[in-house]
Amino acid sequence: MKVLLSWLREFAPEIDGDPVELGETLSALGLAVEEMTITGEGLDGIVLAKVLDLSPHPDADKIQLVQVDSGDGEALQVCCGAFNMSVGDLIPFATIGTVMPSGMEIAQRKMRGQMSNGMCCSAAEIGFGDDHDGIMLLTEDADESQLGAPITEVLGIERDVLYDLEVNANRPDAMSVAGVARDLAAALGVPFSFPERAVERTGADASAQATVEIIDPDLCGRFAARVIHGVTVGESPKWIQNRLLALGMRPINSVVDISNYVMLELGQPNHVFDLDTLPDGHLRVRRAADGETMVTLDDAERTLVSRDGVIADNSDQPISLAGVMGGLTTEVTDTTTSVLLEMAWWDPPSISRTVKRLNLPSEASTRFRRGADWGDNIDRAMDRYCELIAETGATICPGQIDVPGNTPSQDFTTARVARVNSLLGTELTGDEMAAHLNGIGFAATVADDTLEVTVPTWRWDSIGGNSHEFEANIAEEVGRMYGYEDIAKTVPKGEQAGHLSEYQSDRRLVRNALLGMGCDETFPMPFLAPGDLSRVGLSDDGVTLSNPLDANESVLRTSLLPGQLKAIAYNQSHRISGVRFFEIGSVFLPPAEGELLPDEREYLAVALADSDATEAIAVLNALDGVLAFPNVRLFQTDDIAGMHPTRSAEVAIAGRPRGVVGEVAPSVLEAYGVSGRVAWLQLDLGAVLNGPHGRRSYTPVSKFPSSDMDLAFAVPEGTGADKVQGTIGKAAGALLAELRLVDTYRGEGLPEGTRSLAFRLRLQAKDHTLTDDEITKTRDAVIAAVAKTNKGQLRG
């Protein structure tokens with residue numbers, strides 16, 4: 001939306017100040033100034049000239065030679081690339097030495113061997129519109145007696161300030177000069193008013209010459225019309241044309257120009273029918289029928305649907321697409337002498353649907369879509385149009401046809417003062433808020449710390465919605481007028497600060513514990529090559545991707561083992577041995593019966609190269625020490641896929657299987673090109689952390705010396721190391737500070753059907769130095785307990 005400062009002052013004469021500061025005020029009101037231009041400046045040296053002769057350039061097809069008279073009777077040759085001129089045309093001409101508004105200086109120069117002594121100007125080049133296509137022709141706007149006169153004098157151009165504003169969709173009132181003036185006057189604290197319009201009326205009453213019938217009152221909330229005779233369709237006054245051009249609209253004729261002028265000034269779109277084309281002057285406002293057609297002003301046939309609105313004539317034929325575009329059959333032409341002036345309020349959603357469906361945006365439909373004024377502004381716009389058309393010699397008939405439909409309710413709505421302050425971060429009183437609202441046309445009073453507000457008819461955007469939406473709308477208006485820049489900057493305090501969930505916290509604890517044990521975290525891709533799962537002894541039934549990034553990685557993993565073995569093999573190939581890796585990542589198990597998506601779970605894997613099963617068990621014990629897993633048990637079995645048949649076990653926590661621990665099978669290591677042993681721990685981390693667990697309570701570190709002892713027991717082959725470890729822990733009691741399985745042996749020197757489990761015990765008291773007697777008693781109690789519970793014999 002463009003506005004001229006001089007036009008704003010017609011509604012608020014006391015608007016004054018530096019144009020830049022006024023632009024900053026408009027931006028602060030939410031009407032962001034995208035560009036500010038000083039018009040009527042930089043045109044010195046541009047005069048009215050006459051085209052004397054036209055001839056082709058001898059050496060250039062796209063340039064012609066133009067002979068012009070700039071007022072001194074002498075012919076000047078100019079090279080020009082435009083071809084829309086004829087001999088005798090009057091044009092704006094920039095003489096040598098002129099500095100154009102763009103900053104370009106006009107100098108005498110040769111173009112393909114021909115001298116050019118100035119420049120013929122387009123409308124855009126002198127800041128008089130956006131037309132770059134040809135030279136601006138002024139034959140109908142000036143006469144030869146003005147040759148050589150400054151172009152500002154010829155065109156009546158005066159110095160002014162033009163603001164190009166960004167108007168958001170929720171500000172229908174700002175789609176007019178008057179609406180912008182209202183806001184600016186309120187912000188500056190100066191009076192705002194609409195000029196009084198006096199319109200003389202004669203002839204028969206309008207109601208005797210035309211009638212209006214609203215069939216769908218939800219489509220049209222109000223329809224007003226006046227009858228005008230003695231219309232002469234010609235050129236509109238120069239001052240109207242200048243203002244239209246400044247605001248980006250092309251002058252057409254007096255009837256259309258005045259219509260556009262009133263729309264820009266007051267924000268009220270309107271339409272003019274040739275009254276002689278309306279049988280009996282009757283109009284019917286209704287919804288269209290599906291498949292109904294009409295020809296619009298752009299000479300295009302439109303097929304309508306039942307949601308479209310139309311204005312029909314007495315025979316029920318559509319003659320106008322309501323709120324969007326008029327019809328060709330009732331168009332005002334050069335022969336029109338009587339017109340029916342129509343102004344209405346159309347349902348914004350209905351207009352919006354039609355515009356989008358037919359792709360027919362326009363200045364008028366944009367205002368209707370956002371919500372035009374259905375109140376006094378229609379009468380005001382009627383008077384303004386009649387005043388301007390009367391100046392061209394037209395006669396205004398008495399009376400006004402005014403048919404009501406359904407308009408939005410204007411019942412006052414309440415807004416809590418405290419809530420408005422809460423939304424804005426201010427401490428305004430109710431009276432201060434009411435003053436801000438009343439300044440822009442709202443009717444606001446205060447009762448019991450509550451604002452009672454009646455929204456004006458020109459603010460359709462603020463009507464309706466629930467109480468929270470209304471309070472937000474009122475807060476926005478108060479904030480605009482108070483000045484967002486004057487609101488103290490504060491950091492809003494949330495009701496609850498962001499934090500990690502318990503699961504996220506525990507997962508982070510696991511990650512930190514593993515890092516503390518010297519492990520490095522890895523992030524292999526979750527995609528495997530076909531056959532990777534079978535190489536680790538797992539079923540090759542992983543979910544296959546239909547559109548993989550790489551055909552060699554098309555299977556979603558069901559275990560973290562292949563990725564970790566590939567990482568170890570890669571490092572060993574680069575002569576890096578003894579790596580200690582861990583990964584927390586997703587595996588994708590086949591979908592359960594009746595399910596479409598795979599069963600995605602988060603697993604933890606620890607891979608320790610050049611290490612045996614005891615190292616993996618030590619990591620499990622360390623994690624148990626961090627998260628206090630309830631009842632951790634190991635169940636040795638020889639059929640764990642990918643694991644050593646005698647050096648691996650299933651891990652059970654709280655009686656449920658949660659993973660595996662031990663060593664990777666040599667055949668699997670060979671398949672992946674890994675040398676040496678690899679200790680392995682894999683847990684269903686999601687199930688573990690979502691299951692029962694706690695955190696170890698803090699135990700002070702003893703300052704007294706400890707005592708270590710190694711005990712090796714020959715136990716039956718089927719007795720698990722964890723069971724023996726549990727027996728030792730109970731027997732040693734409170735003096736046991738640390739217990740580790742350090743060796744497992746099968747072979748010579750052992751009774752048949754047994755294996756040797758060697759444990760390292762660290763004894764330490766919290767409050768004294770252990771005596772030899774205490775150490776001996778503890779050792780004897782452990783040996784006896786293992787013999788009784790696990791049938792284990794101490795080896796010498």
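Me: What is the bridge partner of Gln 636 in strand 32?
Reply: Ala 649 is the bridge partner of Gln 636 in strand 32. Keep in mind that this is a predicted model.

Me: And which residue in strand 32 is the bridge partner of Leu 634?
Reply: That one is Val 651.

Me: In which sense do strand 31 and strand 32 pair, and over how many bridges?
Reply: They pair in the antiparallel sense, over five bridges. Strand 32 covers residues 643-653.

Me: What is in the hairpin between them?
Reply: Six residues lie between the strands of that hairpin. Gly 642 there takes a positive phi near 80°.

Me: What sheet do these belong to? How many strands form it, and in what order?
Reply: Seven strands form an open sheet, in the order 26-29-30-34-33-32-31, and the pairing is mixed. Strand 26 and strand 31 (632-636) are the edge strands, each pairing on one side only.

Me: Which helix packs on that sheet?
Reply: Helix 16 does, touching strand 29, strand 30 (599-609), strand 31, strand 32, strand 33 (656-664) and strand 34 (678-683). The direction of helix 16 makes about 35° with that of strand 34.

Me: Which residue forms a salt bridge with Glu 615?
Reply: Arg 580 does, with the closest N and O atoms 4.0 Å apart.

Me: Where do Glu 265 and Arg 384 lie?
Reply: Glu 265 is in helix 6 (residues 254-266) and Arg 384 is in helix 9 (residues 376-390), so this pair ties together parts that are 119 residues apart in sequence.

Me: Buried or exposed?
Reply: Glu 265 counts as buried because its relative accessibility is 1%, and the cut-off for buried is under 20%. Arg 384 counts as buried as well, at 6%.

Me: What about Glu 521 and Arg 511, how do their side chains meet?
Reply: They meet in a salt bridge, at 2.9 Å from N to O. Glu 521 is in strand 26 (residues 520-521) and Arg 511 is in helix 13 (residues 502-516), 10 residues apart. Glu 521 counts as partly exposed at 22% relative accessibility, and Arg 511 counts as partly exposed at 25%.

Me: Which residues are linked in a network of salt bridges?
Reply: Arg 171, Asp 173, Asp 183, Arg 459, Asp 461, Glu 477 and Arg 480 are linked that way. Glu 477 also takes part in the contact of helix 12 with helix 11.

Me: Okay, those helices. At what angle do they cross?
Reply: The axes of helix 11 (residues 430-439) and helix 12 (residues 467-482) cross at roughly 85° and come within 9 Å. That angle makes helix 11 roughly perpendicular to helix 12.

Me: Which residues make the contact?
Reply: Helix 11 brings Met 433, His 436 and Leu 437. From helix 12 come Ile 474, Glu 477, Val 478, Met 481 and Tyr 482. The residues of this contact divide into six nonpolar, one polar and one charged.

Me: New topic: which residues does Arg 243 touch?
Reply: Leaving out residues up to four places away in sequence, Arg 243 touches Leu 4, Ser 6, Trp 7, Glu 10 and Tyr 261. Arg 243 lies in helix 5 (residues 238-246) and counts as buried at 11% relative accessibility.

Me: Last thing. What is the phi of Asp 299?
Reply: Asp 299 has a positive phi of about 65°, although it is not a glycine. Most residues other than glycine have a negative phi. Asp 299 is in the loop between strand 15 (293-295) and strand 16 (301-303), and counts as exposed at 56% relative accessibility.

Me: And what is the phi of Lys 791?
Reply: Lys 791 has a positive phi of about 55° and is not a glycine. The loop between helix 20 (772-790) and strand 38 (793-794) holds Lys 791, which is exposed with a relative accessible area of 61%.

Notes. Residues are numbered from 1 along each chain as its sequence is written. This is a predicted model: local features need pLDDT of at least 70, side-chain atom pairs count only at pLDDT 80 or more; totals for chains, interfaces and linings use all residues. Side-chain values use heavy atoms; hydrogens and water are left out. Helices (H or I, at least four residues) and strands (E, at least two) are DSSP runs, numbered from the N terminus. Buried means under 20% relative accessible area, exposed over 50%, partly exposed in between (1.4 Å probe, protein chains only). Two strands pair if DSSP finds at least two bridges between them. Contact means heavy atoms within 4.5 Å. Axes are lines fitted to C-alpha atoms, for helices over the stretch in contact, and angles run from 0 to 180 degrees between N-to-C directions. Angles under 35 degrees count as roughly parallel, over 145 as roughly antiparallel, 65 to 115 as roughly perpendicular and the rest as oblique. Ala, Val, Leu, Ile, Met, Phe, Trp, Tyr, Cys and Pro count as nonpolar, Asp, Glu, Lys and Arg as charged, and the others, Gly among them, as polar.
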